[in-house]
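Subject: Structure handover and notes

Hello,

Here is the structure you are taking over. My notes on what was found in it follow below.

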Amino acid sequence: MKTTVQATWHLFLSLWSRLSRGLAALQPAAALLARYYLAQVFFLSGLTKIRDWEITLALFEDEYQVPWLSPPLAAALGTAGELLLPVLLLFGLGGRFAALGLSVVNVVAVLSLAEIAPAALQQHILWGALLAGLAIYGPGRWSLEQRVWPWLLERTGSRPAGFTS
């Protein structure tokens with residue numbers, strides 16, 4: 001009986017190990033898909049804002065109550081963030097910076113609305129979770145960061161404290 005238990009345990013561990021390796025192999029693709037999805041969501045939102053700037057300004061005057069910023073400044077900063085940060089995120093260049101910046105845009109969007117529909121809130125939560133994952137784990141192996149950082153470090157001969165590649 002002991003050998004049957006050991007054989008079953010060994011089979012379970014072997015299958016678990018294969019599953020873990022298979023899922024780990026999917027990490028670069030998953031990070032790329034998350035970056036693409038988020039970049040599309042935020043970039044299209046930015047394009048909508050610049051398409052009709054007068055309506056955007058009116059929305060920031062009446063609907064979006066961004067604390068500590070005047071409505072024109074909030075509109076300009078939000079739109080700039082939605083147009084520039086997704087490009088960085090998509091290419092994985094400054095990916096953590098872009099994910100953190102878009103997280104700020106996402107949180108401010110939720111907090112600035114007096115009322116938000118439950119479905120819209122769920123979307124913002126999904127975006128926040130994906131952005132948190134990218135900020136914590138980085139943009140993944142399929143990113144420009146993986147090519148540019150080592151090149152920059154080699155050229156400058158330095159290695160910043162806490163930097164891991």
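A nonpolar surface patch of about 770 Å² is formed by W9, F12, L13, W16, L19, L23 and L26. Patch members have over 30% relative accessible area and no salt bridge; like charges are joined within 9 Å, and nonpolar side chains (Val, Leu, Ile, Met, Phe, Trp, Tyr) within 5 Å. Areas come from the Shrake-Rupley method with a 1.4 Å probe, and for residues only the protein chains shown count as cover. One of the patch residues, L19, sits in helix α1, residues 2–25. L19 counts as partly exposed because its relative accessibility is 44%; buried means under 20% relative accessible area, exposed over 50%, and partly exposed in between (1.4 Å probe, protein chains only). Helices (H or I, at least four residues) and strands (E, at least two) are DSSP runs, numbered from the N terminus.

This is a predicted model: local features need pLDDT of at least 70, side-chain atom pairs count only at pLDDT 80 or more, and totals for chains, interfaces and linings use all residues. Residues are numbered from 1 along each chain as its sequence is written, and side-chain values use heavy atoms, with hydrogens and water left out.

Helix α5 covers residues 95–112. Its 18 residues should span 26 Å at 1.5 Å a residue, and the end C-alpha atoms are 25 Å apart, which agrees; the expected span is 1.5 Å times one less than the number of residues. The buried residues in α5 are G95, A98, A99, G101, L102, S103, V105, N106 and S112. They pack against α2 (27–51), α4 (71–91), α6 (118–137) and α7 (145–156), where contact means heavy atoms within 4.5 Å.

The largest nonpolar core has 14 residues, and those touching the most other members are L38, F42, L89, A99, L102, L131 and L134. Two or more residues of this core come from each of α2, α4, α5 and α6. A nonpolar core is a set of buried Ala, Val, Leu, Ile, Met, Phe, Trp, Tyr and Cys residues joined through side-chain atoms within 4.5 Å. Leaving out residues up to four places away in sequence, L131 touches L38, F42, L89, A99, L102 and S103.

There are two salt bridges, each a side-chain nitrogen of Lys or Arg within 4 Å of a carboxyl oxygen of Asp or Glu. One joins E82 and K49, at 2.9 Å from N to O. This pair links distant parts of the chain, with E82 in helix α4 and K49 in helix α2, 33 residues apart. E82 counts as buried because its relative accessibility is 7%, and K49 is buried at 14%. R155 forms a salt bridge with E154, with the closest N and O atoms 3.0 Å apart; both R155 and E154 are exposed.

W149 lies in helix α7 and is partly exposed, at 36% relative accessibility. W149 and L93 are 56 residues apart in sequence, with 9.2 Å between their C-alpha atoms. L144, in the loop between α6 and α7, is in contact with F91, G92 and L93, leaving aside neighbours within four places in sequence. L144 is partly exposed, at 37% relative accessibility.

Last, W68 is in the loop between α3 (53–62) and α4. Its phi is near 70°, a positive value in a residue other than glycine. W68 is exposed, with a relative accessible area of 85%.

Regards
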